[in-house]
Amino acid sequence: QIDSFAWPFAQGSSASFPLGLTPQEFYPLYHTLLKLLDVRVLGLYEVAPDLDSGSGTAKLAAQLAHVYLHEL
C-alpha cells in the first residue's frame with residue numbers, strides 16, 4: 001500500500017505516516033521479492049490524486065508499476 005511510505009514521498013495517500021518507508025529503503029526489497037517470488041498480481045492502493053500536491057504519490061505508484069512490469 002502506498003500509505004506505507006513516509007509522508008514526504010506519498011502526500012496523496014489517505015493515511016501516510018512521517019516515519020514510513022522511503023523509496024530508497026523499499027526498492028532493494030521490492031526488486032528482491034519480485035525476483036524470488038512468483039508475483040502475478042500487483043495492487044496499488046491508497047493513491048488519492050486530489051490529496052497529492054505535486055503528483056508525488058501518483059509518480060511513486062507509476063514507478064512501482066513500471067518496475068513490476070519490467071521485472072516480468
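**Entry 1: the crossing of H1 and H2**

The contact (heavy atoms within 4.5 Å) is made on the H1 side by Pro23, Phe26, Tyr27, Tyr30, His31, Leu34 and Lys35. On the H2 side, Leu60, Gln63, Leu64, Val67, Tyr68 and Glu71 make the contact.

I note that this is a predicted model, in which local features need pLDDT of at least 70 and side-chain atom pairs count only at pLDDT 80 or more, while totals for chains, interfaces and linings use all residues. Residues are numbered from 1 along each chain as its sequence is written, and side-chain values use heavy atoms, with hydrogens and water left out.

**Entry 2: packing geometry**

Two packed helices are described by the angle between their axes and the distance between the axes. I looked up both values: H1 and H2 pack at an angle of about 25 degrees, with their axes 10 Å apart. That makes H1 roughly parallel to H2. Angles under 35 degrees count as roughly parallel, over 145 as roughly antiparallel, 65 to 115 as roughly perpendicular and the rest as oblique. The axes are lines fitted to C-alpha atoms, for helices over the stretch in contact, and the angles run from 0 to 180 degrees between N-to-C directions.

**Entry 3: helix H1**

I took helices as DSSP runs (H or I, at least four residues), numbered from the N terminus. H1 covers residues 23-36, 14 residues in total, and reaches 20 Å from its first C-alpha to its last, close to the 20 Å expected at 1.5 Å a residue. The expected span is 1.5 Å times one less than the number of residues.

I listed Pro23, Phe26, Tyr27, Tyr30 and Leu34 as the buried residues of H1. They cover an arc of only 100 degrees around the axis, which puts them on the same side of H1. The arc is that of the directions from the helix axis to the C-beta atoms. Buried means under 20% relative accessible area, exposed over 50% and partly exposed in between (1.4 Å probe, protein chains only). On the face of H1 turned away from its buried side I found the exposed residues Gln24, Lys35 and Leu36.

**Entry 4: Tyr27**

I then examined Tyr27 in helix H1, which counts as buried at 17% relative accessibility. Leaving aside neighbours within four places in sequence, Tyr27 is in contact with Leu60, Gln63, Leu64 and Val67. Tyr27 and Leu64 are 37 residues apart in sequence, and their C-alpha atoms are 8.6 Å apart in space.

**Entry 5: helix H2**

H2 has 16 residues and reaches 22 Å from its first C-alpha to its last, close to the 22 Å expected at 1.5 Å a residue. I recorded Thr57, Leu60, Ala61, Leu64, Val67 and Tyr68 as buried in H2. They cover an arc of only 125 degrees around the axis, which puts them on the same side of H2. The buried residues of H2 pack against H1, whereas the face turned away from them carries the exposed residues Lys59, His66, Leu69 and His70.

**Entry 6: outside the helices**

I looked up Ser13 in the segment before H1; at 5% relative accessibility, Ser13 counts as buried. Not counting residues up to four places away in sequence, Ser13 touches Ile2, Asp3, Glu46, Leu51 and Thr57.

Asp38 lies in the loop between H1 and H2 and, at 58% relative accessibility, counts as exposed. The C-alpha atoms of Asp38 and Leu72 are separated by 9.6 Å, at 34 residues apart along the chain.

Key:
Helix = DSSP H or I, 4+ residues; strand = E, 2+ residues; numbered from the N terminus.
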